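Work through the exercises below with the model open. Try each task before reading its solution.

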Amino acid sequence: MGIIEKMRLDGKRGFVTGAARGIGKSTATAFAEAGADVAIVDLDIAEAEKTAAEIAEKTGRKTIAVRTDCTDPEQVDAMVAKVVSELGGLDFCHNNAGICINAPAEDMTYEQWNKVININLNGIFLTDIAAGKYMLAHGGGSIINTASMSAHIVNVPQPQCAYNASKAGVIQLTKSLAIEWAKKGVRVNSISPGYIGTELTLNSPTLIPLIEKWNEMAPLGRMGTPEELQSICVYLAGDTSTFTTGSDFIVDGAFTCF
(Lines give C-alpha, C1' and ligand atoms only; values in the text may rest on other atoms or scores of the structure.)
Protein backbone atom coordinates (compact mmCIF):
# COMPACT_ATOMS: atom_id res chain seq x y z
CA MET A 1 0.00 0.00 0.00
CA GLY A 2 1.39 3.40 -1.01
CA ILE A 3 1.51 6.49 1.15
CA ILE A 4 -1.56 8.05 -0.48
CA GLU A 5 -3.65 4.99 0.30
CA LYS A 6 -2.29 4.89 3.86
CA MET A 7 -3.37 8.49 4.42
CA ARG A 8 -7.01 7.72 3.65
CA LEU A 9 -9.51 7.60 6.50
CA ASP A 10 -11.74 4.81 5.19
CA GLY A 11 -13.70 3.20 8.02
CA LYS A 12 -12.94 5.94 10.53
CA ARG A 13 -15.55 7.95 12.42
CA GLY A 14 -15.11 11.43 13.87
CA PHE A 15 -16.66 14.74 14.80
CA VAL A 16 -15.72 18.38 14.28
CA THR A 17 -16.93 21.15 16.60
CA GLY A 18 -17.69 24.59 15.22
CA ALA A 19 -18.16 22.80 11.90
CA ALA A 20 -21.20 24.53 10.46
CA ARG A 21 -18.96 26.99 8.63
CA GLY A 22 -15.39 28.26 8.28
CA ILE A 23 -12.39 26.18 9.31
CA GLY A 24 -14.51 23.45 10.89
CA LYS A 25 -16.61 23.00 7.76
CA SER A 26 -13.46 22.81 5.66
CA THR A 27 -11.78 20.13 7.78
CA ALA A 28 -15.00 18.13 8.12
CA THR A 29 -15.23 18.15 4.32
CA ALA A 30 -11.64 16.96 4.04
CA PHE A 31 -12.21 14.12 6.51
CA ALA A 32 -15.21 12.94 4.51
CA GLU A 33 -13.35 13.27 1.21
CA ALA A 34 -10.66 11.04 2.72
CA GLY A 35 -13.27 8.39 3.49
CA ALA A 36 -14.45 9.09 7.05
CA ASP A 37 -17.97 9.42 8.40
CA VAL A 38 -18.28 12.76 10.19
CA ALA A 39 -20.53 14.54 12.67
CA ILE A 40 -21.00 18.29 12.20
CA VAL A 41 -21.19 19.72 15.73
CA ASP A 42 -22.34 23.30 16.21
CA LEU A 43 -24.73 25.52 18.17
CA ASP A 44 -26.31 26.64 14.89
CA ILE A 45 -28.15 23.43 14.09
CA ALA A 46 -29.82 24.79 10.95
CA GLU A 47 -26.46 25.66 9.39
CA ALA A 48 -24.94 22.41 10.69
CA GLU A 49 -27.67 20.38 9.01
CA LYS A 50 -27.11 22.30 5.77
CA THR A 51 -23.36 21.64 5.96
CA ALA A 52 -23.89 17.95 6.75
CA ALA A 53 -26.18 17.58 3.75
CA GLU A 54 -23.69 19.33 1.46
CA ILE A 55 -20.80 17.12 2.59
CA ALA A 56 -22.86 13.94 2.33
CA GLU A 57 -23.96 14.80 -1.21
CA LYS A 58 -20.43 15.71 -2.24
CA THR A 59 -18.62 12.73 -0.71
CA GLY A 60 -21.18 9.97 -0.24
CA ARG A 61 -20.11 9.55 3.39
CA LYS A 62 -22.48 9.35 6.34
CA THR A 63 -22.64 12.84 7.80
CA ILE A 64 -24.83 13.90 10.71
CA ALA A 65 -25.49 17.22 12.47
CA VAL A 66 -25.50 17.53 16.26
CA ARG A 67 -26.44 20.68 18.15
CA THR A 68 -24.08 21.10 21.09
CA ASP A 69 -22.96 23.82 23.47
CA CYS A 70 -19.36 22.79 24.00
CA THR A 71 -19.23 24.59 27.36
CA ASP A 72 -21.94 22.33 28.80
CA PRO A 73 -20.51 19.02 30.10
CA GLU A 74 -23.82 17.18 29.82
CA GLN A 75 -24.35 18.31 26.23
CA VAL A 76 -20.79 17.35 25.28
CA ASP A 77 -21.16 13.87 26.80
CA ALA A 78 -24.50 13.45 25.02
CA MET A 79 -22.95 14.56 21.74
CA VAL A 80 -20.17 11.97 21.97
CA ALA A 81 -22.71 9.29 22.84
CA LYS A 82 -24.82 10.25 19.81
CA VAL A 83 -21.80 10.25 17.48
CA VAL A 84 -20.80 6.79 18.71
CA SER A 85 -24.36 5.51 18.38
CA GLU A 86 -25.07 6.90 14.91
CA LEU A 87 -21.64 6.51 13.32
CA GLY A 88 -20.72 3.28 15.08
CA GLY A 89 -17.67 4.52 16.97
CA LEU A 90 -15.20 7.38 17.39
CA ASP A 91 -11.67 7.32 15.97
CA PHE A 92 -10.81 11.02 15.78
CA CYS A 93 -12.15 14.47 16.53
CA HIS A 94 -11.25 18.04 15.68
CA ASN A 95 -12.15 20.34 18.57
CA ASN A 96 -12.37 23.63 16.76
CA ALA A 97 -15.18 25.76 18.25
CA GLY A 98 -14.00 29.17 19.42
CA ILE A 99 -14.61 32.91 19.53
CA CYS A 100 -12.60 36.13 19.75
CA ILE A 101 -13.53 39.36 21.50
CA ASN A 102 -11.33 42.35 20.69
CA ALA A 103 -11.28 44.78 23.60
CA PRO A 104 -8.52 46.67 25.44
CA ALA A 105 -7.64 44.81 28.63
CA GLU A 106 -8.57 47.78 30.82
CA ASP A 107 -12.00 47.96 29.20
CA MET A 108 -12.72 44.24 28.92
CA THR A 109 -15.44 43.10 31.26
CA TYR A 110 -15.04 40.01 33.38
CA GLU A 111 -18.05 38.60 31.53
CA GLN A 112 -16.24 39.02 28.21
CA TRP A 113 -13.07 37.41 29.60
CA ASN A 114 -15.00 34.45 30.96
CA LYS A 115 -16.93 33.98 27.71
CA VAL A 116 -13.74 33.65 25.67
CA ILE A 117 -12.01 31.38 28.18
CA ASN A 118 -15.12 29.26 28.62
CA ILE A 119 -15.60 28.57 24.92
CA ASN A 120 -11.99 28.49 23.75
CA LEU A 121 -10.35 26.63 26.62
CA ASN A 122 -12.99 25.03 28.83
CA GLY A 123 -14.88 23.86 25.73
CA ILE A 124 -11.73 22.23 24.35
CA PHE A 125 -11.12 20.54 27.71
CA LEU A 126 -14.66 19.16 27.86
CA THR A 127 -14.61 17.80 24.30
CA ASP A 128 -11.10 16.39 24.74
CA ILE A 129 -12.10 14.55 27.90
CA ALA A 130 -15.41 13.23 26.56
CA ALA A 131 -13.77 11.96 23.37
CA GLY A 132 -10.68 10.77 25.26
CA LYS A 133 -12.69 8.66 27.69
CA TYR A 134 -14.30 6.78 24.82
CA MET A 135 -11.01 6.36 22.97
CA LEU A 136 -9.19 5.16 26.09
CA ALA A 137 -11.80 2.46 26.54
CA HIS A 138 -11.93 1.43 22.88
CA GLY A 139 -8.38 1.04 21.64
CA GLY A 140 -7.25 4.62 21.10
CA GLY A 141 -7.77 7.48 18.69
CA SER A 142 -6.60 10.91 17.61
CA ILE A 143 -7.64 14.28 19.04
CA ILE A 144 -6.92 17.52 17.17
CA ASN A 145 -7.37 20.87 18.93
CA THR A 146 -7.49 24.26 17.24
CA ALA A 147 -5.10 26.62 18.99
CA SER A 148 -3.76 29.69 17.13
CA MET A 149 -0.61 31.54 16.20
CA SER A 150 -1.95 33.91 18.89
CA ALA A 151 -0.67 31.39 21.42
CA HIS A 152 2.84 32.22 20.19
CA ILE A 153 2.68 35.97 19.51
CA VAL A 154 0.72 39.01 20.65
CA ASN A 155 -1.38 40.14 17.72
CA VAL A 156 -1.40 43.76 16.61
CA PRO A 157 -3.07 46.15 16.17
CA GLN A 158 -6.17 44.55 17.73
CA PRO A 159 -6.28 44.03 21.53
CA GLN A 160 -7.27 40.43 22.34
CA CYS A 161 -5.63 39.32 25.57
CA ALA A 162 -8.36 36.81 26.47
CA TYR A 163 -8.12 35.09 23.10
CA ASN A 164 -4.32 34.91 23.24
CA ALA A 165 -4.37 33.49 26.76
CA SER A 166 -7.05 30.94 25.90
CA LYS A 167 -5.16 29.65 22.88
CA ALA A 168 -1.89 29.38 24.82
CA GLY A 169 -3.86 27.29 27.30
CA VAL A 170 -5.06 25.03 24.50
CA ILE A 171 -1.47 24.19 23.53
CA GLN A 172 -0.44 23.39 27.09
CA LEU A 173 -3.59 21.31 27.59
CA THR A 174 -2.79 19.45 24.37
CA LYS A 175 0.74 18.65 25.54
CA SER A 176 -0.46 17.62 29.00
CA LEU A 177 -3.07 15.19 27.67
CA ALA A 178 -0.60 13.83 25.13
CA ILE A 179 1.78 12.89 27.94
CA GLU A 180 -0.96 11.39 30.12
CA TRP A 181 -2.37 9.27 27.30
CA ALA A 182 0.78 8.50 25.30
CA LYS A 183 0.97 4.85 26.40
CA LYS A 184 -2.78 4.39 26.25
CA GLY A 185 -3.24 4.79 22.50
CA VAL A 186 -4.73 8.29 22.41
CA ARG A 187 -2.79 10.95 20.52
CA VAL A 188 -3.43 14.65 21.11
CA ASN A 189 -2.10 17.40 18.85
CA SER A 190 -2.99 20.98 18.02
CA ILE A 191 -2.92 23.21 14.99
CA SER A 192 -2.12 26.92 15.25
CA PRO A 193 -3.55 28.72 12.22
CA GLY A 194 -2.52 32.20 11.27
CA TYR A 195 -5.04 34.66 9.89
CA ILE A 196 -7.54 32.61 7.88
CA GLY A 197 -9.95 34.20 5.45
CA THR A 198 -13.31 32.60 6.13
CA GLU A 199 -16.53 33.86 4.55
CA LEU A 200 -17.57 35.60 7.76
CA THR A 201 -14.14 37.15 8.35
CA LEU A 202 -13.74 38.50 4.84
CA ASN A 203 -17.20 40.10 4.89
CA SER A 204 -17.01 41.69 8.33
CA PRO A 205 -16.99 45.52 8.12
CA THR A 206 -15.15 45.77 11.44
CA LEU A 207 -12.38 43.41 10.31
CA ILE A 208 -11.72 44.72 6.80
CA PRO A 209 -9.40 47.55 8.02
CA LEU A 210 -7.54 45.01 10.18
CA ILE A 211 -7.20 42.59 7.27
CA GLU A 212 -5.47 45.28 5.25
CA LYS A 213 -2.96 45.74 8.10
CA TRP A 214 -2.46 41.99 8.56
CA ASN A 215 -1.76 41.54 4.86
CA GLU A 216 0.79 44.36 4.94
CA MET A 217 2.61 42.57 7.79
CA ALA A 218 2.32 39.05 6.39
CA PRO A 219 5.43 37.58 4.72
CA LEU A 220 3.20 36.05 2.02
CA GLY A 221 1.16 39.24 1.74
CA ARG A 222 -2.15 37.49 2.30
CA MET A 223 -4.35 35.54 4.68
CA GLY A 224 -4.58 31.77 4.52
CA THR A 225 -7.63 29.84 3.36
CA PRO A 226 -9.53 27.18 5.31
CA GLU A 227 -8.52 24.65 2.65
CA GLU A 228 -4.86 25.20 3.55
CA LEU A 229 -5.54 23.57 6.94
CA GLN A 230 -7.12 20.43 5.52
CA SER A 231 -4.06 18.29 4.83
CA ILE A 232 -2.50 18.64 8.29
CA CYS A 233 -5.79 17.65 9.91
CA VAL A 234 -6.27 14.63 7.66
CA TYR A 235 -2.70 13.59 8.48
CA LEU A 236 -3.28 13.92 12.22
CA ALA A 237 -6.58 12.01 12.09
CA GLY A 238 -5.07 9.07 10.26
CA ASP A 239 -2.66 6.20 10.74
CA THR A 240 0.43 7.78 9.18
CA SER A 241 0.76 10.08 12.22
CA THR A 242 1.00 7.36 14.87
CA PHE A 243 4.35 8.73 16.16
CA THR A 244 2.97 12.26 16.34
CA THR A 245 1.52 13.39 19.64
CA GLY A 246 1.92 16.46 21.84
CA SER A 247 2.84 18.58 18.84
CA ASP A 248 1.56 21.99 17.78
CA PHE A 249 1.57 22.68 14.06
CA ILE A 250 1.84 26.36 13.16
CA VAL A 251 0.24 27.05 9.78
CA ASP A 252 0.61 30.80 9.42
CA GLY A 253 2.57 31.64 6.26
CA ALA A 254 5.64 32.45 8.41
CA PHE A 255 3.79 35.21 10.31
CA THR A 256 5.30 34.14 13.65
CA CYS A 257 8.85 34.01 12.29
CA PHE A 258 9.53 37.65 13.14
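This is a predicted model: local features need pLDDT of at least 70, side-chain atom pairs count only at pLDDT 80 or more; totals for chains, interfaces and linings use all residues.

**Exercise 1. Which residues are in contact with Thr63, leaving aside its neighbours within four places in sequence?**

Solution. Contact means heavy atoms within 4.5 Å. Step one: leave out the neighbours within four places. Thr63 is then in contact with Val38, Ile40, Ala52, Ile55 and Ala56. Thr63 sits in strand β3 (residues 63–67); helices (H or I, at least four residues) and strands (E, at least two) are DSSP runs, numbered from the N terminus. Thr63 has 14% relative accessibility and counts as buried. The classes are buried under 20% relative accessible area, exposed over 50%, and partly exposed in between (1.4 Å probe, protein chains only). Step four: look for a polar contact. That is a pair of N or O atoms within 3.5 Å; within protein, one must be able to donate a hydrogen and the other to accept it, and residues adjacent in sequence count only if both atoms are side-chain atoms. The side chain of Thr63 reaches the backbone oxygen of Arg61 at 3.3 Å.

Residues are numbered from 1 along each chain as its sequence is written, and side-chain values use heavy atoms, with hydrogens and water left out.

**Exercise 2. Is Ile40 buried or exposed, and what does Ile40 touch?**

Solution. Start with the element: Ile40 belongs to strand β2 (residues 37–42). Its relative accessible area is 0%, so Ile40 is buried. Now list the contacts, not counting residues up to four places away in sequence. Ile40 touches Val16, Ala19, Ala20, Ala28, Ala48, Thr51, Ala52, Ile55, Thr63, Ile64, Ala65 and Val66. Take one of these, Thr51. Ile40 and Thr51 lie 11 residues apart in sequence and 7.5 Å apart in space, C-alpha to C-alpha.

**Exercise 3. Which side chain does the side chain of Thr146 join in a polar contact?**

Solution. Locate Thr146 in strand β5 (residues 141–146). Thr146 is buried, because its relative accessibility is 6%. Its side chain joins that of His94 in a polar contact of 2.7 Å. Beyond four places in sequence, Thr146 is in contact with His94, Asn95, Asn96, Lys167, Val170, Ile191 and Pro193.

**Exercise 4. What does the side chain of Thr244 make a polar contact with?**

Solution. Thr244 lies in the loop between α9 and β7. Thr244 is buried, with a relative accessible area of 12%. Its side chain makes a polar contact of 2.7 Å with the side chain of Tyr235. Outside four places in sequence, the contacts of Thr244 are Arg187, Asn189, Tyr235, Leu236 and Phe249. For a distance check, take Arg222: 22 residues from Thr244 along the chain, with the C-alpha atoms separated by 29 Å.

**Exercise 5. How many disulfides does a search of the whole structure find?**

Solution. A disulfide is a pair of cysteine sulfur atoms within 2.5 Å. The search finds 0. Cys93 is buried, at 0% relative accessible area. For Cys257, the closest cysteine sulfur is in Cys233, at 20 Å, again too far for a bond. Cys257 is exposed, at 67%.

**Exercise 6. Which residues line the largest cavity?**

Solution. On a 1 Å grid over the protein atoms alone, a cavity is a set of points where a 1.4 Å probe fits but cannot get out; lining residues have an atom within 4 Å of a point. The count is 1 cavity of 30 Å³ or more. The lining consists of Thr17, Cys70, Asn95, Asn96, Ala97, Ile119, Gly123, Ile124 and Thr127. Helix α5 (residues 110–137) gives the largest share, 4 residues.

Methods:
On a 1 Å grid over the protein atoms alone, a cavity is a set of points where a 1.4 Å probe fits but cannot get out, and a pocket is an open set with protein on both sides within 12 Å along at least five of seven lines; lining residues have an atom within 4 Å of a point. Grid points are joined across faces, edges and corners, and a volume is the space filled by probe spheres set on the points.
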